[in-house]
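Colleague: Could we go through the packing of aromatic side chains in this model, one question at a time?

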Amino acid sequence: MSKNSQLRDSFGSKFGVIAAAAGSAVGLGNIWKFPYIAGEYGGAAFLFVYLAFIMAIGLPVMLSELIIGRSSRRNAFGAFKVLAPGTPWRYIGILGVSAAFLILSFYGVVAGWSVQYVILSVQDGFSQKSPDEISTLFTTLIESPIKPVMLQLGFMFATGAIVIIGVKKGIEKYTKILMPVLVLILIGLSIKSVSLEGAKAGLEFLFKPDFSKLTGDGILSALGHAFFTLSLGMGTLITYGSYIKRDNNLINTVISVTVADTLIAILAGIAIFPAVFAFGIEPSEGPGLIFITLPNVFHQMPGGYIFSILFFVLLTVAAITSSISILEVVVAYFMEEFKMVRKSSTVLATILISILGVLCSLSMGVLADYKLFGLNIFDLMDWISANMLLPIGGLFIALFTGWYFGRKKVQEEVANGGNLSGAMLTIFIFLVKFVAPIAIAIVILNKVGLLTFS
Ligand code: TRP
């Protein structure tokens, strides 16, 4: 064993690995983003395409990342230096670390809003308000120059505080407590939502496809979201994979995390849409869906006070178990590539990302006029990272695993404690060599206008 691997922290238990990886996957993506983009692109039709991408692309890319991480025992950049020395593959790592900066900058802002909504819920801040006032409450909050910035900084501080403690005692310990709490709250909310009168329309919206609403943009968003929700394409799971012990069954881990993430996104849909329809509100609200529509629902609903507190606590918990995984990518990179200790890497990474985050937050208000491609800073970070950097990262991760790392080493790496033999291995290699890269390339080329179907 080399000196480096002795010094490296690792996850302690199998449940700890799943809690941490599922904690990373389940986040604002599932509860804030998935319902509103599904709402925009036709509900069930979007869900259908998204599930196809999860199975054919998400699963194999996730396994690839864990394999790359565990076999190299390095951060997202260092992993490629170890496995493919002297080749340009390492640039995938640079892409990933950059994506981590962009994602966490806007992620922290939304998480900050979520914290504010916990506070508002506790203060019973929605009950006396008209729908217009509830909507203004949200826009006033996000456009104001001070409050959301403070909230975002507070959230980033909490994220840094967990990451600074380390992998086993910080990340693993907290996700092991927080994830079960999250699942329980979500189940409670879903039961409540489907038991409302008029809930059926919401379930139909979510499960009965209307393909006419599914545009090319919708398909790109389904792909981008499949990456985003599973935390793929930027080395989060390379980094977490590097902390997984040799005897862990990677296949089981991948399947558990994917199933948990998908079920939780669908459960979030079940908690939200039936309630939305039951109160006769439009589902295609965009990013305000859970901050505007839901408070309206809660204040009309019996027991809404408690349910609204629970919902926003859930959202905040989901956000923090994900944000620590994004921060860890940068921290591990600083630690291993620049020989920094965990403490100073965490402080540095948190400060740098928070600065970018402040700009994202301000771009909702005072900086709203600074636009590129018609998008403000916040939307730009979201769009570039989710729709471009993650799919491109995923494309190269799949190519790396299929063509460079190869079948034999893949088999060796997954054989510890699990097996991917015969047909399964052949399918996996086929998916990462051909299906994932080609599908991702088609969607991206179509999006940037270099490939059209007509
Ligand atoms: N998957 C998380 C969510 O759904 C967000 C997240 C964590 C993420 N790590 C990531 C997204 C890495 C992309 C890449 O909210």
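Modeller: Since this is a predicted model, I would begin with a charge placed over a ring: the charged end of lysine 33 sits over the ring of phenylalanine 228, and its distance from the ring centre is 4.0 Å.

Colleague: Over which ring does the charged end of lysine 433 sit?

Modeller: The distance from the charged end of lysine 433 to the centre of that ring is 4.4 Å, and the ring belongs to tryptophan 403.
The ring of tryptophan 403 also forms an edge-to-face pair with phenylalanine 434, at 5.5 Å centre to centre and 85° between the planes.

Colleague: Is phenylalanine 138 buried or exposed?

Modeller: Phenylalanine 138 forms an edge-to-face aromatic pair with tyrosine 117, with 6.3 Å between the centres and 75° between the planes. This pair links helix H6, which holds tyrosine 117, to helix H7, which holds phenylalanine 138, across 21 residues. Because its relative accessible area is 5%, against a limit of under 20%, phenylalanine 138 is buried.

Colleague: Within what arc do the buried residues of H7 fall, seen down its axis?

Modeller: The buried residues of H7 are Ile134, Phe138, Leu141 and Ile142. They line one face of the helix, because seen down the axis of H7 they fall within an arc of 95°.

Colleague: Which residues have the most contacts inside the largest nonpolar core?

Modeller: That core has 158 residues, and helix H15 gives the largest share of it, 18 residues. Those with the most contacts inside the core are Trp113, Phe291 and Phe311.

Note on methods: Residues are numbered from 1 along each chain as its sequence is written. This is a predicted model: local features need pLDDT of at least 70, side-chain atom pairs count only at pLDDT 80 or more; totals for chains, interfaces and linings use all residues. Side-chain values use heavy atoms; hydrogens and water are left out. A nonpolar core is a set of buried Ala, Val, Leu, Ile, Met, Phe, Trp, Tyr and Cys residues joined through side-chain atoms within 4.5 Å. Buried means under 20% relative accessible area, exposed over 50%, partly exposed in between (1.4 Å probe, protein chains only). Helices (H or I, at least four residues) and strands (E, at least two) are DSSP runs, numbered from the N terminus. The arc is that of the directions from the helix axis to the C-beta atoms. Rings of Phe, Tyr and Trp (its six-membered ring) pair if their centres lie within 6.5 Å; planes under 30 degrees apart count as stacked, over 60 as edge-to-face and the rest as tilted. A charge sits over a ring if NZ of Lys or CZ of Arg is within 6 Å of the ring centre and within 35 degrees of the ring normal.
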